[in-house]
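This report describes local features of one protein model, topic by topic. Please look through the sequence and the structure before reading on.

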Amino acid sequence: MNAIYLILFAAGYFALLLLLSYATRGRHDNDAFFRAGRQSPWWAVAFGMIGASVSGVTFVSVPGMVTASGMTYLQMCMGFVFGYLLVAFVLLPVYYRLDLTTIYTYLNYRFGSKAHLTGSVMFFASKLIGASIRLFLVASILQRLVFDSLGVPFWANTAVLLLLMWCYTRGSGIRTIVWSDCLQTLVLLTALVLIIHQLATQMGLNLPDAARLIARSPMSKVFEWDDAGSKAYFWKQFVSGIFVVVVMTGLDQDSMQKNLTCRTLRQSQLNMCVNGLSYLPVNLLFLCLGVLMATYNATLPVPQPEGDALLPALCGGGYLGQAALVCFTLGIVAAAFSSADSAMASLTTSVCVDILRKPSSERLRKVVHPLIAVAFFGFILVVKALNNTSVIDAVYTVCGYTYGPLLGLFSFGLTTRRQPRAAWIPAVCIASPLLCYGLQCVAVARFHYTFGYELLVINGLVTYAGLMAASIRRRSPAKVFLVAAIAGCALSTPAMAGNRSFTPADNGKALVNPGMGWTMHFYSNLLQNYGSRLSPADVLNDFPGLSTVYLRLPWAFLEPGEGRFNWETVDTPAARWIQAGKKVALRITATENWMQQATPQWVFDAGARYYEANGYKEPEYDDSVFLAKLDHFLEAMARRYDNNPNVAFVDIGHFGMWGEGHTVVTTPVHGKEWGLDTQKRIIDLYCKHFTHTQLVISDDFAGHDAPVVHSPVIDYALSKGVSLRDDSILVQPAPRHWYHSGMAQLFWPTMPVVLEHEHLQPSIDRGAWDKELLLQAVEDYHASYMSIHWWPREELEINRDIIDRINLRMGYRLQAASLQWPDTIRKNEPFVIHSEWRNAGVAPCYGGGYPCFTIKDEEGGIVSVVVDEGFNVRDLPTDKPGMAAFTPLDTRGIVAQVFTDTFGSFGRTCSTGTFSIYFSVGQADGTPRIALPYDHDDGHRRYLMGTVTLTE
């Protein structure tokens with residue numbers, strides 16, 4: 001669907017929000033903005049909070065998690081129910097008894113102004129950071145789905161979203177949000193149900209059948225009782241769910257502000273209970289969607305990325321129809337608005353009431369509210385500039401630490417009558433997260449254990465203990481607590497100091513890797529083009545990124561007599577490139593316009609029909625004799641080249657002029673044209689014989705001069721595992737420089753796309769050659785291969801600058817960062833190596849590979865190999881230049897593990913000392929396969945990171 005239509009739907013939705021804002025405007029004073037005059041119906045608050053609790057990230061993440069963890073998330077949702085009961089019957093009575101506008105005012109009543117300010121600042125930092133990151137992730141999805149195709153920059157997309165939120169909340173604030181949340185919940189749930197229905201329809205299921213499929217799926221497992229170490233273990237999930245709700249809802253001004261707008265405590269409690277119970281069915285629907293998506297994805301000829309990317313891929317890729325795309329877009333917008341608009345209002349309230357202490361100043365509120373929107377905008381742009389998953393996760397983790405002190409403060413206030421010294425409260429609330437951070441560092445470094453939600457509870461307990469120490473009249477207990485906090489930081493220092501770190505710098509050089517690179521037309525139909533000037537020893541090692549020799553020849557050259565083959569024409573140039581560690585690609589053609597018969601004459605002599613055009617012959621591609629002879633030729637060709645590790649890909653030729661799949665040159669002369677059935681026969685013959693080699697089909701099978709995404713023949717080729725090449729780009733000047741970049745989107749997520757530019761000099765002569773467009777083609781097609789379609793060194797001389805830039809993007813470019821490892825490793829004891837990985841190219845690493853860390857002695861002998869088979873670089877996402885995010889990885893290993901049984905202990909002989917440690921990517925057995933863009937390699941694609949000491 002055109003992005004303009006999606007924007008129109010979103011604009012219509014926003015118009016409804018504005019209309020709702022106008023209808024609920026009422027008074028515009030601070031009481032209306034902060035508390036809605038305490039006149040909100042409980043059922044409206046309860047229904048609206050369903051949408052507010054489901055962020056845009058949840059909209060795609062919850063369905064995406066079923067492939068990894070099934071429906072075990074429901075265990076946490078069960079804990080949510082009990083958490084909401086605690087909030088309803090423990091916290092809400094306190095808030096209503098004190099008639100609070102913000103819940104942190106309780107801290108002022110209980111502990112004084114310093115505690116009040118401390119809690120408010122912690123909430124402000126946490127909410128601003130957390131809401132900004134969630135809105136950034138939603139804005140990023142909308143950017144890819146809608147705005148990229150329109151050329152709208154990310155900052156403008158974000159600015160418009162925030163401006164729209166400010167517009168409909170600026171008057172009555174929380175009064176409007178209560179009702180806008182109802183609309184947004186309705187849109188969100190409607191979108192969810194319609195996408196489920198559309199997905200079931202695509203699978204040919206009615207709703208009862210879909211329900212049975214979900215119930216029988218192994219992904220529908222809810223409970224995990226057996227493995228206490230698993231993150232999905234029931235009691236971990238259940239207890240975590242209770243505390244997450246208590247802290248993230250009961251101690252969060254954003255969530256509680258709407259609850260405090262109910263008329264009475266009883267209504268607010270009723271709202272809270274209903275809202276808690278709703279979590280189970282709503283999240284069950286999301287998880288059911290996930291099961292259906294994963295099942296449907298497995299049936300697609302080209303499966304889409306799993307996890308969080310699956311729902312956007314299915315909707316955005318058109319697999320579920322236009323209605324699903326509209327529903328998904330509106331659902332994402334609704335989820336974004338419902339979680340971010342209330343965050344803006346609650347932050348405005350907290351700043352005015354808690355931090356600046358001017359709850360009655362309407363002028364101040366009207367200044368603070370837009371400034372909060374500006375703060376959101378600025379922080380989102382910072383996150384965008386960082387564009388580093390690990391950094392974003394770290395920031396998100398830091399903001400999570402601040403909720404622990406809030407839990408400790410409120411728990412201490414509600415369960416004791418002690419009064420800690422006011423001056424110590426901020427210090428305790430700062431020291432507690434530091435102490436917990438030290439505990440986390442020690443747990444990771446010493447015991448290889450990473451805390452989850454339990455750290456929130458520990459953080460609260462530490463704060464509680466610190467407040468208890470600060471409430472004792474003698475100063476020594478408080479001092480002891482602060483000393484312990486400092487000691488906690490000190491504990492974290494050796495834990496981190498015991499590690500070495502290295503951040504390698506990309507050297508900017510071209511890489512020659514499997515499944516990507518420049519392909520050199522050694523034969524471009526004519527034997528004289530373009531390798532005839534190369535000496536037998538010349539394999540163009542000076543052409544950066546050249547990985548493949550491309551041999552495009554007429555059938556007649558290779559089988560001059562039936563069963564008599566001239567493979568020497570292919571094998572001679574191929575052997576030169578193979579000897580240099582490079583690959584071969586092939587296309588054999590049946591029609592050429594520069595020779596009388598590209599199909600051997602003996603085929604016609606055997607009775608195959610043909611048509612004449614301007615003195616050359618084009619075979620009748622439907623003819624049974626032609627197809628039988630072609631079958632025999634492909635059988636012989638496949639015996640030689642299929643499953644050959646030196647062959648990069650084979651084009652499906654033998655149909656159309658130059659094997660490009662079109663007859664636009666010949667049909668106007670002889671009047672014969674061929675349809676889909678003929679094209680399928682040719683494809684089937686190739687697929688019959690080449691069962692292990694990547695086959696590639698020309699885009700011109702679908703038409704050579706019209707923009708097309710889906711066509712019957714291309715979709716058929718895709719279903720057979722055949723990839724795409726574009727013959728040829730830059731034949732004509734822009735805007736007719738190419739037609740099928742949209743078609744490439746069907747192929748590149750799972751198979752390499754090949755680009756062939758027009759013969760260089762003719763393209764220049766027509767005024768069609770454009771270096772920047774050549775680079776843009778690589779970006780638009782997500783190309784893994786690009787041709788050298790001219791005399792190679794002439795092309796290099798003219799285009800070296802753009803070739804260097806293309807080499808930084810074409811195919812995949814794996815980068816590592818933040819390598820951290822222990823400076824000392826003891827034999828037979830586990831250790832962890834932390835690294836971060838990203839793909840800076842435009843295409844996946846289709847062949848995949850696993851990070852490996854190799855310890856070598858000074859003579860180059862391999863002491864130990866540690867491979868992380870749980871992380872395949874094939875799964876690294878791609879993005880725009882410089883925008884790909886790093887994925888963190890913790891690789892666990894043991895050197896010379898000891899095995900013990902009743903006869904004794906047995907360990908591999910392994911010397912100790914200080915050795916070099918290298919990183920690489922390759923096979924599961926540790927053999928490096930993939931070149932990385934770094935210096936200091938060992939000659940075998942292993943790259944030096946530093947040294948490590950191995951001890952007994």
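## Terms and basis

A residue is called buried under 20% relative accessible area, exposed over 50% and partly exposed in between, with a 1.4 Å probe and protein chains only. The model is predicted, so to speak of local features requires pLDDT of at least 70, and side-chain atom pairs count only at pLDDT 80 or more, while totals for chains, interfaces and linings use all residues. Residues are numbered from 1 along each chain as its sequence is written, and side-chain values use heavy atoms, with hydrogens and water left out.

## Aromatic pairs

A pair of aromatic rings is described by the distance of the centres and the angle of the planes. Here, rings of Phe, Tyr and Trp (its six-membered ring) pair if their centres lie within 6.5 Å; planes under 30 degrees apart count as stacked, over 60 as edge-to-face and the rest as tilted. Searching the whole structure gives 35 aromatic pairs. In one of them, Phe604 and Tyr610, the ring centres are 4.7 Å apart and the planes stand at 50 degrees, so this pair is tilted. Phe604 is buried, at 7% relative accessible area, whereas Tyr610 is partly exposed, at 33%.

Tyr686 and Phe690 make a stacked pair, with 6.3 Å from centre to centre and 20 degrees between the planes. Tyr686 has a relative accessible area of 0% and is buried; Phe690, at 3%, is buried too. One aromatic cluster includes Trp555, Phe565, Trp567, Trp602, Tyr611 and Tyr621, and also Phe626, Phe633, Tyr641, Phe655, Trp674 and Phe701.

## Charges over rings

A charge sits over a ring if NZ of Lys or CZ of Arg is within 6 Å of the ring centre and within 35 degrees of the ring normal. Tyr610 has the charged end of Lys617 over its ring, 4.7 Å from the centre. Likewise, the charged end of Lys680 sits over the ring of Tyr716, at 4.8 Å from the ring centre.

## Backbone features

Most residues other than glycine have a negative phi, and most peptide bonds are trans. The bond joining Asn529 and Tyr530 is cis, with omega about -5 degrees. Tyr530 belongs to strand 3 (residues 526-530); helices (H or I, at least four residues) and strands (E, at least two) are DSSP runs, numbered from the N terminus. Another cis peptide bond runs from Ala734 to Pro735, with omega near 10 degrees. Pro735 is in the loop between strand 10 (723-729) and helix 30 (741-744).

Asn828 is a residue other than glycine with a positive phi, near 65 degrees. Its loop lies between strand 14 (824-826) and strand 15 (831-839), and Asn828 is partly exposed at 33% relative accessibility. Arg941 also has a positive phi, near 65 degrees. The loop that holds Arg941 is between strand 21 (913-922) and strand 22 (943-951); at 27% relative accessibility, Arg941 is partly exposed.

## Cysteines

How many disulfides does the structure hold? With a disulfide taken as a pair of cysteine sulfur atoms within 2.5 Å, the number is 0. Cys687 is buried, with a relative accessible area of 17%, and Cys845 is buried at 2%.
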